[in-house]
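Me: Could you walk me through this one? I'd like to go residue by residue where that helps.

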Amino acid sequence: VEHLLDLMHHTREFAVTNFSQLKGKGTSWISDPFHYSFMLGYKFKFRVFFASTTWMGVCLFLLPGEHDDKLSWPIKCTASIQILNQVEDRNHIERNKSWEWNRTT
């Protein structure tokens, strides 16, 4: 499973290599390290949630960053999240989602 994000023209790949083991465990979260959308940009990270053998969620978190005082708020962005089946060349899923985030102090 790979997750791709285009946040402010930033692409991030997050590969889950042990998908079969994770989906069979029941409830569990995995996360990638945080990233910046561009140099001196917005700080974000992915988390993948497995709730059962048939359900998973992909979450995008905007985090407090060291450059927040210099950035424009609120921000509007669109993420394209693709879940790619690495075993077969089928059953891929793509969703586009738009958000508006406001900085909370």
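This is a predicted model: local features need pLDDT of at least 70, side-chain atom pairs count only at pLDDT 80 or more; totals for chains, interfaces and linings use all residues.

Reply: Strands here are DSSP runs of E with at least two residues, and helices are runs of H or I with at least four, numbered from the N terminus. Residues are numbered from 1 along each chain as its sequence is written, and side-chain values use heavy atoms, with hydrogens and water left out.

Me: ok, where does Asp 68 sit?

Reply: Asp 68 is in the loop that runs between β6 (56–63) and β7 (75–83).

Me: and is Asp 68 buried or exposed?

Reply: Asp 68 has a relative accessible area of 9%, so it is buried; buried means under 20%, exposed over 50% and partly exposed in between, with a 1.4 Å probe and protein chains only.

Me: what does Asp 68 touch?

Reply: Leaving aside residues up to four places away in sequence, Asp 68 touches Leu 63, Trp 73 and Arg 103, where contact means heavy atoms within 4.5 Å. Its side chain also reaches the backbone nitrogen of Gly 65 at 2.9 Å.

Me: switching to rings, how many aromatic pairs are there?

Reply: There are two aromatic pairs, counting rings of Phe, Tyr and Trp (its six-membered ring) whose centres lie within 6.5 Å, with planes under 30 degrees apart called stacked, over 60 edge-to-face and the rest tilted. Phe 34 and Tyr 36 have ring centres 6.0 Å apart and planes at 90°, so they are edge-to-face. Tyr 42 and Trp 73 are edge-to-face as well, because their planes are at 90°, with the centres 5.2 Å apart.

Me: which parts does the pair of Tyr 42 and Trp 73 tie together?

Reply: Tyr 42 lies in the loop between β4 (35–36) and β5 (43–50), and Trp 73 in the loop between β6 and β7, so the pair links parts 31 residues apart in sequence. Tyr 42 is buried at a relative accessible area of 4%, whereas Trp 73 is partly exposed at 23%.

How values were computed:
A polar contact is a pair of N or O atoms within 3.5 Å; within protein, one must be able to donate a hydrogen and the other to accept it, and residues adjacent in sequence count only if both atoms are side-chain atoms.
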